Amino acid sequence: MNLAGALGASALVAALAATLFALGVSTWGVRRRHPGAIAAGRRALYATAALLTLAMGTLAAALLRDDFSLLYVTSVSSRDMETAFKWAALWSGQPGSLLLWTWLIALSLAGVARHLQRALPWARGHAQAVAGAVLAAFLGPLVFLASPFEVAAVTPPDGVGLNPLLVDRAMLIHPPMLLAGLTSTVAPFAIGAAALLAGHVDSSWVRAARPWALASFVVLATGNVLGGWWAYTVLGWGGYWAWDPVENSAILPLLPTIALLHGFAVQERRGMLRLWNLAMAAAAFSLAVFGTFNVRSGLVSSVHSFAQSEIGPYFLGLLAVVILGSVALLAWRSPRLSGPHDFESLLSRETGLIVNNYLLTAIALVILGGTLFPVASELIRGVRVTVSEPFYDQTVGPLLAALLLVAAGGVLLPWRRGAARSLRRRFAAPAVVLAGSAAVLWTAGVRDPFALGGIVCAATLASVTLREYWLGARGARRARGRGVASWPLAVAALFRRDPRRYGGYLVHLGAAVMAVAVVASTAYQQQVRVAIAPGESFEAGRYTLTYERLEGRPGTANGVESDAVATVTVREGGRLLGEMQPGRRFFTNFPDQPMGIVAVRSTWREDLYLFIQGWDEDLVAEFQAFVNPLVIWLWTGAGLLVAGGLLAFGWQRPPPRGAAAGAAGHA
Amino acid sequence: MQPDTPDAPVTERSRADRARRAWGPVLLLAALLLLAAELAGGPPPAAAQEVDAEQQLAIERQLLCPQCVNERLDQCARAICEDMRAIIREQLAAGTPPDQIIFFFRARYGDRVLAQIPREGFNLLLFGWVAGSLALVALGGGLALRRMRRSARRHAGAGEA
C-alpha cells in the first residue's frame with residue numbers, strides 16, 4: 001500500500017465530503033433558520049480547507065522525498081532537482097496546479113465564512129452554501145479526473161524532471177501568486193451571490209466584499225507583473241508582455257476587479273450601480289474560471305498550456321453554469337436591485353467612476369475577442385490565424401490611454417456636482433499640462449502617435465495625482481500650523497487619515513509610471529542582431545559589445561546537462577561598464593528544448609538586454625541585443641501600484657456622512 | 001471646513017505658496033524634456049552595411065514561428081525558423097521586395113504566420129467585434145447614465161413633493 005497516495009487521495013475524498021456537507025447543512029440551516037446548522041456548515045468549510053492543506057502537504061512531502069511511486073511526482077520532478085524546484089514542481093503539472101487552485105479557493109472561502117460571521121451575519125449561511133457548491137465543483141475533477149495522487153504500477157528509479165521553461169526561481173512565486181489572485185475573485189463573488197440569495201442588496205455586502213476585492217486586485221496585479229518579469233528575464237524575447245492567450249486570461253479577471261473597486265465607491269456613496277457591481281463580481285470570477293479552462297483545455301494553445309485533457313470540457317461546463325447561474329440570480333432579484341439613488345449631475349466624480357467601469361468593460365471585451373478569435377476562425381473556417389501584439393497595441397493601447405485620462409478627470413471632479421466656475425479652475429492646470437506636455441514632446445521630436453498619446457495621458461494623470469497629495473498635505477500643514485509637520489510627515493498623515501483615497505491615488509501614480517515605461521520600451525526599443533567571431537565587437541545603442549569567448553559548463557542540478565555561456569564585455573564611449581553572460585542551457589531529459597540564458601543590464605534610463613541565438617563550429621555566435629528604454633520604471637511603477645493597493649487596506653469605517661458627503665469636495 | 005480642503009480662498013495664498021506651486025510644473029516639464037531627449041535622441045543612424053540586417057529584422061518582426069504560438073520569427077530558436085530566416089536573407093540579397101517575401105511565407109504556411117492579422121474576409125469579424133464592443137459600451141453606457149440620472153431626479157422629485 002502506498003502511504004502518500006492513500007493519505008492524499010483520502011484527504012481529497014474527505015474534503016469533497018466535507019464541502020458537500022457544508023453545502024447541504026448551510027442550505028438546510030438557512031431554510032430552517034437554524035444557527036447551529038449554519039455554524040456546522042462553517043466548520044465543515046474550515047475542515048475542507050484543513051483537509052486540502054493536508055493534501056498539499058502530502059504532495060509536497062512526496063516531492064521532497066522523491067517518492068516516484070506517484071505518477072505526478074515522476075512527471076514533474078527528478079532526484080537531482082534542488083529543493084526549491086521540488087517545491088515549484090508542486091504546481092508545475094496539471095493535477096498539482098489544480099490542487100493548488102482548489103486549496104487556495106478553500107482558504108479564501110474559509111476566510112470569507114469567518115469574516116461574514118460578524119460582517120454580514122444574515123448572509124453567512126447563503127455564502128457558505130455558495131462556497132460549498134464552488135468547492136465541490138473544483139474538488140470533483142480533482143478526485144475523479146485529475147488526481148495528483150495516482151499511484152504508478154511500477155515505481156521508476158528517477159523522474160522526468162521539471163519542464164525546462166519552469167526551471168527558474170521566479171517559478172517559486174509567480175504561479176502561486178497568480179493562482180492566488182485568480183482564486184481570490186471567488187470571495188467577492190460568493191459574498192455578492194449570498195447577498196442576492198438572501199435578498200438584501202444594499203451596500204452592506206459591498207462593505208463586506210471590498211477588502212476581499214482589494215486583496216484580489218493587489219495579488220492579481222502582483223501575479224501579472226511577476227509573470228511579465230518572468231517572461232522578460234527567462235523567455236528571452238526582449239519583451240515582458242506578448243498578449244499570449246494565457247497572459248490574456250490572467251489579466252482579464254483583473255479588469256472587472258478594478259471596475260468593482262471603483263463601482264463599490266459609487267454604490268456606497270450614491271446608492272448607484274447595485275446590479276452592475278454584482279455583475280462585475282460575477283464577471284471577475286467567471287473570467288478566472290475561463291482562465292483555468294483556457295490553460296487546461298488545450299483549446300487555446302500557448303507556452304503556458306498544459307497538455308490537452310478530458311477536464312477541458314468539464315471546465316467549459318462549469319463556466320457555463322457559473323455564467324448562467326449568475327445571470328439567472330441577477331434576473332430573479334432584479335426587482336430589488338433598482339432602488340432610490342442620488343445622481344445630481346453628470347459633471348461629478350460618480351460619472352468619472354462609471355465611465356471608468358465602462359472603459360474597463362470595453363477593454364475586457366476586446367481582449368476576450370482577440371483571445372477567442374483564433375478558436376472561432378479554426379472552428380468555423382478551418383483556418384488558423386494568430387491574433388498577436390499588433391492587434392492589441394492598436395486596439396487596447398488607445399483604450400488604456402483613455403483610461404488614464406478618465407482617472408485624471410475623475411480625481412478632479414467632485415462628488416455630486418461640480419459648479420462650472422470651480423470646475424474651470426480645477427481643470428485649467430491639468431489642461432495646460434496636457435497641452436504643454438504634448439507640445440514639449442512634439443517639439444523634442446516624439447512623433448509616434450502611440451508614444452505621444454500614451455505619455456501625455458500618463459503625464460496628465462501623474463500631475464493631477466501629485467497635485468492631490470500636495471493640496472492634501474498643504475491643508476494638513478495649515479490645520480496644524482506651519483512647521484509642526486514637515487511635508488513628508490504631512491503626506492504620510494494623509495495615508496493615515498484616508499488610506500483608501502490616497503492609497504488609490506498611489507495606484508494611479510504607479511499606473512501612470514508603468515504606462516510611460518510601457519510606451520517608451522515598446523515604441524523606442526532598438527534591436528540589433530549580429531553574427532560575430534570571438535574578439536569582434538558590435539554596437540547596440542550607445543554601447544559597444546565585444547564577444548570575448550564561449551565556454552561550456554557542465555550542469556550540476558535540476559536536469560541541466562550543460563550551459564554554454566558567452567562572455568561579452570560592454571563599453572560605453574570607451575569606458576568599460578562590465579561583463580554580460582548570455583548563454584544557452586541544455587537539459588538531459590528535454591534535448592530538443594534548450595532554454596536561453598538572458599543577460600540584462602539595467603539603469604534608470606534603459607536596459608541592455610542580450611541573448612545568444614546560436615553558434616557554429618568556429619564559435620561564430622549570433623547575438624541579439626535590445627536596448628529597452630525605461631524598463632526599470634515598469635517595475636518601479638508596479639511597486640508603487642502594489643504599495644498603493646496595500647496602503648488602501650488601512651481604511652476604517654468612516655463616520656456616517658449624509659449630506660456632508662459633498663462638502664468634502666475632493667474626497 | 002475639512003483641513004485638507006484643497007481650494008482655499010485665493011486671498012489666503014501667500015507668495016511663498018505660489019512660488020512653491022510653480023515648482024510642480026517646472027519639475028514636470030524638466031522630466032518630460034529629459035524623457036523626450038532620451039527617446040528622441042534614440043538610435044544613431046545605422047552604418048551602411050547594417051541596413052540589410054535592419055530590413056531583415058523588420059521583415060522577421062512581421063512573421064511568426066509556424067510551429068510555436070505567438071512567437072515572433074526573429075526570436076524563435078527552432079530549426080524551421082532558422083531556415084525561414086535564411087530564406088529571407090537570400091531573398092533580400094536577390095532583391096526581392098519585402099512584401100513578396102512575406103507573401104511567400106503566407107502562401108506556404110498560411111495566415112497564422114502573420115503577426116498582423118490580415119484585415120480581410122472572415123477576420124473582419126474580429127474588427128467588427130472590437131467596433132461592436134466599443135459601440136455597445138458607449139451607447140449602452142450613455143443610455144444607462146441618462147436613465148440613472150432620470151430616475152434619480154424622479155426620486156428626488158418624489159421626495160420633495
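This is a predicted model: local features need pLDDT of at least 70, side-chain atom pairs count only at pLDDT 80 or more; totals for chains, interfaces and linings use all residues.
**View 1. The contact between chain A and chain B.** Chain A puts 65 residues into this contact, and chain B puts in 47 residues. On the chain A side, six elements supply at least two residues each: α14 (349-380), α15 (389-412), α16 (420-443), α17 (449-480), β1 (526-532) and β9 (606-615). The largest share comes from α14(A), with 11 residues. Sorted by class, the side of chain A that touches chain B holds 33 nonpolar, 24 polar and 8 charged residues.

View 2. Chain B contains 5 helices and 0 strands. Read from the N terminus, its elements run α-α-α-α-α. Chain B has 161 residues, and 22% of them count as buried. Take the contacts in chain B with a separation of 6 or more: 45% of them join residues 24 or more positions apart.

View 3. Helix α3(B) covers residues 79-93, 15 residues in total. From first C-alpha to last, α3(B) reaches 21 Å, close to the 21 Å expected at 1.5 Å a residue. Which residues of α3(B) are buried? They are B:C81, B:M84, B:R85 and B:I88. Seen down the axis of α3(B), these buried residues fall within an arc of 100 degrees, so they line one face of the helix. An α-helix has 3.6 residues a turn, so residues three or four places apart point the same way. The face of α3(B) turned away from the buried side carries exposed residues: B:A79, B:D83, B:A86, B:E90 and B:A93. After α3(B) comes B:G95, with a positive phi near 85 degrees.

**View 4. The largest nonpolar core.** This core has 246 residues. Those with the most contacts inside it are A:L109, A:A131, A:A190, A:I191, A:L404 and A:V516. Helix α9 of chain A (residues 204-235) gives the most to the core, with 19 residues. In soluble globular proteins, nonpolar side chains tend to be buried together.

**View 5. The surroundings of A:A190.** Which residues touch A:A190, leaving aside its neighbours within four places in sequence? The partners are A:L109, A:V112, A:A127, A:V130, A:A131 and A:V134. Two of these partners, A:L109 and A:A131, are listed with A:A190 among the residues with the most contacts inside the largest nonpolar core.

**View 6. A:V30 in helix α1 of chain A.** A:V30 sits in helix α1, which spans residues 3-32 of chain A. Is A:V30 buried or exposed? A:V30 counts as buried because it has 22 C-beta neighbours inside 10 Å, and the cut-off for buried is 20 or more. Apart from neighbours within four places in sequence, A:V30 is in contact with A:G125, A:H126 and A:A129. A:L471 lies 441 residues away from A:V30 along the chain, and the C-alpha atoms of the two are separated by 50 Å.

**View 7. Domains 2 and 3 of chain A.** The domain assignment of chain A gives domain 1 (1-167), domain 2 (403-524 + 635-652) and domain 3 (526-631). How far apart are the C-alpha centres of domain 2 and domain 3 of chain A? They lie 39 Å apart. The contact between these domains takes 5 residues from domain 2 of chain A and 4 residues from domain 3 of chain A. On the domain 2 side, the residues divide into 4 nonpolar, 1 polar and no charged.

Notes. Residues are numbered from 1 along each chain as its sequence is written. Chains are lettered from A and ligands numbered from 1 in the order in which they are written. Two residues are in contact if their C-beta atoms, placed from the backbone, lie within 7 Å. Helices (H or I, at least four residues) and strands (E, at least two) are DSSP runs, numbered from the N terminus. Ala, Val, Leu, Ile, Met, Phe, Trp, Tyr, Cys and Pro count as nonpolar, Asp, Glu, Lys and Arg as charged, and the others, Gly among them, as polar. A residue is buried if 20 or more other C-beta atoms lie within 10 Å of its own, exposed if 12 or fewer, and partly exposed in between; C-beta atoms are placed from the backbone. A nonpolar core is a set of buried Ala, Val, Leu, Ile, Met, Phe, Trp, Tyr and Cys residues joined through C-beta atoms within 7 Å. Domain bounds come from an automatic or database domain assignment. The expected span of a helix is 1.5 Å times one less than its number of residues. The arc is that of the directions from the helix axis to the C-beta atoms.
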